[in-house]
Amino acid sequence: GEEDPDNTPHIGGNTWAGGTGGTDTAGLGGLVGPYRLDKGHVYRLDKGHVVHQVDPELKKKVPQHIIDEARRMGQEALRERLRQIGMSPEESKMYDDVLNLVRGQVVQLQNMFSSLKAQEGERVWARHQSDGVWDDAKVVEGITGERNIYKRRIESQDPDALRHKKKKRLLFVLDVSASMYRFNNMDQRLNRLIECTQMVMEALIGQEDKIDYAIVGHSGDSDEIPFVEFGAPPKNKKERMEVCQRMIANTQYCWSGDNTESAMARAVGNVTSEDADSYFVFVISDANLQRYGITPQSLARIIRKDERVHMYCIFIASFGAQSAQMQRHLPAGHAFECFDTKQIPIVMSRIFAATKLLGG
């Protein structure tokens, strides 16, 4: 669409970029535009116009060939945006501005990651005990009347309990669907997601000897959009900035829809694809799930699918009580509301403490 020099929040029509958008112009909450466009700040998307939602019944009346063309235009725009992504001095400042908002939380997470214990080293068998479980190696002693023929599991006193023979594998599954961009002006949910991502990437710098992590996204287009691969963390600020920009680009240009359920199921196989000390999956979402028929029961089945995998849902936004309802019906201790990024280190500390992997 054409650029309005006055940046007026147009509602309806098919001429201007921004506003609600038309059938072939970009906007927010419109009929079937090719992608979303908030006429606010490029990186922190919190200065745009109020979102006007078009009646879903009107959307159902749009001919399929127009929908297909709009989707093609959106995918083309995404490819072009990803090609353009680099790092200018202005973008470097934008990254630093957001990082400064969460620098204290980065330090908290760094301290927490540094104190994680190796799962295989935290408990050991104590033999020659007078009670416990039968020690098969003490059969002869048992026959001859020896009393200390049992063994018990105890906390390791080995100072190397914090030393990892295998790495922990952490997989972050991020919601980069259309709703993250569309409603960011209402509650800063996309800003919050970007802050969380920067926080995690920065905090994991220097933890490569004990933690291997990956970041994937999901949207209406895909249930697995790779942002950071296992074994290949971003090496510098430019690469971390590119991760954030690619996330924003996907929320802006992806097709409507939700693949949370299949993304979670795929994550179980992905995180366990290599041997590790332990496996964690963190699903960060805006809880906009009910409209797509996704229930807490279906998510709970995935959370319980593999007992080796510790999977948690962290809801960073919600319409009304959606996230609270999800949290209430998901397995206890596996769902959290976190509408302030300052809470993220607290939530993650509670998670690792519950798995007894935090050093004292």
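This is a dialogue about reading side-chain features in a predicted model.

Me: What should I keep in mind about the model before reading any residue?

Reply: Residues are numbered from 1 along each chain as its sequence is written, and side-chain values use heavy atoms, with hydrogens and water left out. The model is predicted, and local features need pLDDT of at least 70, side-chain atom pairs count only at pLDDT 80 or more, while totals for chains, interfaces and linings use all residues.

Me: How is a pair of aromatic rings described, and how many such pairs does a search of the whole structure find?

Reply: A pair of aromatic rings is described by the distance of the centres and the angle of the planes. Rings of Phe, Tyr and Trp (its six-membered ring) pair if their centres lie within 6.5 Å, and planes under 30 degrees apart count as stacked, over 60 as edge-to-face and the rest as tilted. Searching the whole structure gives seven aromatic pairs. One of them is F172 with F282, a stacked pair with 5.2 Å from centre to centre and 20° between the planes. This pair links distant parts of the chain, since F172 belongs to strand β4 (residues 168-175) and F282 to strand β7 (residues 278-285), 110 residues apart; helices (H or I, at least four residues) and strands (E, at least two) are DSSP runs, numbered from the N terminus. Both F172 and F282 are buried, where buried means under 20% relative accessible area, exposed over 50%, and partly exposed in between (1.4 Å probe, protein chains only).

Me: Which residues do ring pairs link into a cluster?

Reply: The cluster joined by ring pairs consists of F113, F172, F280, F282, Y312 and F352.

Me: What is the geometry of the pair formed by F183 and F319?

Reply: F183 and F319 are arranged edge-to-face, with 4.9 Å between centres and 85° between the planes. F183 is in the loop between α5 (178-182) and α6 (184-187), whereas F319 is in the loop between β8 (309-315) and α11 (322-329), so the pair ties together parts that are 136 residues apart in sequence. At a relative accessible area of 8%, F183 is buried, while F319 has 25% and counts as partly exposed.

Me: Where does the charged end of R189 sit?

Reply: A charge sits over a ring if NZ of Lys or CZ of Arg is within 6 Å of the ring centre and within 35 degrees of the ring normal. The charged end of R189 is placed over the ring of F319, 4.7 Å from its centre. Another case is R169, which lies over the face of F230 at 3.7 Å from the ring centre.

Me: With which residue does R189 form a salt bridge, and how many salt bridges does a search of the whole structure find?

Reply: A salt bridge is a side-chain nitrogen of Lys or Arg within 4 Å of a carboxyl oxygen of Asp or Glu, and the whole structure holds 15 of them. R189 is bridged to D286, with the closest N and O atoms 3.0 Å apart. R189 in helix α7 and D286 in the loop between β7 and α10 (296-303) are 97 residues apart, so described as distant parts of the chain that the pair links.

Reply: In the salt bridge of K237 with D96, the closest N and O atoms are 3.0 Å apart. K237 lies in helix α8 (residues 237-253) and D96 in helix α3 (residues 89-114), so the pair ties together parts that are 141 residues apart in sequence. K237, with a relative accessible area of 26%, is partly exposed, and D96, at 25%, is partly exposed too.

Me: Is R192 buried or exposed?

Reply: R192, in helix α7 (residues 189-203), is buried yet has no salt bridge, and the nearest side chain of opposite charge, D187, is 5.3 Å away; Lys and Arg count as positive and Asp and Glu as negative, with His and the chain ends not counted. A polar atom of the R192 side chain does lie 2.6 Å from the backbone oxygen of D187. Leaving aside neighbours within four places in sequence, R192 is in contact (heavy atoms within 4.5 Å) with residues including D187, I316, F339 and D340.

Conventions. A polar contact is a pair of N or O atoms within 3.5 Å; within protein, one must be able to donate a hydrogen and the other to accept it, and residues adjacent in sequence count only if both atoms are side-chain atoms.
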